[in-house]
Amino acid sequence: MSLPLDTRADIDPIPRELDAISRRLVAARAAAQALPDFPGALPDSLDGAYAIQAASIARWADTVAGWKIGMIPADQRLRVGDERLAGPIFKSSIVRIEPGSARTMPIYAGGFAAVEAEFILELGRAVHPSAREYSDADLIDFVSSLFVGVEIASSPMAAINQLGPTCVVSDFGNNAGLLLGPAVANWNSRDLDSLTAKVMIDGAVVGNATASAVPGGPLAALRFLLGLAATRGIELPEGTLISTGAVTGIHGVSVSSAARVDFGSSGWFDVKFRAKRHSGNMPN
């Protein structure tokens, strides 16, 4: 995947204080070490946060294979000037899962961790940065498949969501992995309310909704990502996965939790958790 333009050698480097934040965030993730607070002054804009994110992507020894999209809380949208945010999903953190099976996923012990039931789009062709407006038909034409799955949201910072969207964006969008389930047949001809999701943690139902719970459904998330990619000079290759938003909400977990995510006719699967270990992926 092409990196955002502002991480390339022919572009001026980001401010020293933002680069220092990137180094500390990457080091904490690489060492699987909890952070008691944001490692520096919180960016006052999403532009600053995405600059940190881009620098961190350049430091992380893995390939970006997808993007997670999340909603910004309504009371913070006016301040930051957007309703959604994005973060990278790295290739090594994507795990396939079959209906009726179980996987154990790593999370940051002492930090933040949650499971989110999501509908995941796959691009059937590359999308180059462009300021054009896309119709729903255009967006559907870009998509090869829609899958059910789970985003593993986790960060070394326990208070990442309380610290706000610029904190979330700075730390890889609070993403730590993706469970990719089966494809949904005939997804583009189905009503959003027919795409159901339910999440149980330790046997208790904590969320139950349909794809319509995410404003605009999966295509709205794709439209947002294409706009962000145009602004930041990011090319989206064929096969890119887009995790389109938490359908039933953000459900906190710990290493002792057991979750079941049920997508109705698309099947269910179980998720357990373990503490992340030192990765050796230290910043440059």
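Over the ring of which residue does the charged end of Arg260 sit?

1. The charged end of Arg260 sits over the ring of Trp268, at 3.6 Å from the centre of that ring. For a charge to sit over a ring, NZ of Lys or CZ of Arg must be within 6 Å of the ring centre and within 35 degrees of the ring normal.

2. Some words on the basis of this note come next. The model is predicted, and local features need pLDDT of at least 70, while side-chain atom pairs count only at pLDDT 80 or more and totals for chains, interfaces and linings use all residues. Residues are numbered from 1 along each chain as its sequence is written, and side-chain values use heavy atoms, with hydrogens and water left out.

3. The largest nonpolar core holds 83 residues, and of these Val115, Ile152 and Leu236 touch the most other members. Such a core is a set of buried Ala, Val, Leu, Ile, Met, Phe, Trp, Tyr and Cys residues joined through side-chain atoms within 4.5 Å, where buried means under 20% relative accessible area, exposed over 50%, and partly exposed in between (1.4 Å probe, protein chains only). Apart from it lies another core, of 6 residues, including Ile120, Phe147, Leu178 and Leu180.

4. Aromatic rings also deserve attention. Rings of Phe, Tyr and Trp (its six-membered ring) pair if their centres lie within 6.5 Å, and planes under 30 degrees apart count as stacked, over 60 as edge-to-face and the rest as tilted; by this rule there are 6 aromatic pairs. Phe119 and Phe263 form an edge-to-face pair, with 5.6 Å centre to centre and 70° between the planes. Because Phe119 lies in strand 5 (residues 112–123) and Phe263 in the loop between strand 12 (258–262) and strand 13 (268–275), the pair ties together parts that are 144 residues apart in sequence. Helices (H or I, at least four residues) and strands (E, at least two) are DSSP runs, numbered from the N terminus.

5. Phe263 also forms a tilted pair with Phe269, at 6.1 Å centre to centre and with 40° between the planes. Both Phe263 and Phe269 are buried, and the relative accessibility of Phe263 is 2%. Elsewhere in the list of rings, Trp60, Phe90 and Phe172 form one aromatic cluster.

6. Two backbone angles are worth checking in the loops. Ala32, in the loop between helix 1 (16–31) and helix 2 (46–59), has a positive phi near 50° although it is a residue other than glycine, and Ala32 is partly exposed at 21% relative accessible area. Asp202, in the loop between strand 8 (196–201) and strand 9 (204–210), is not a glycine either and has a positive phi of about 50°; Asp202 counts as exposed, at 54% relative accessibility.
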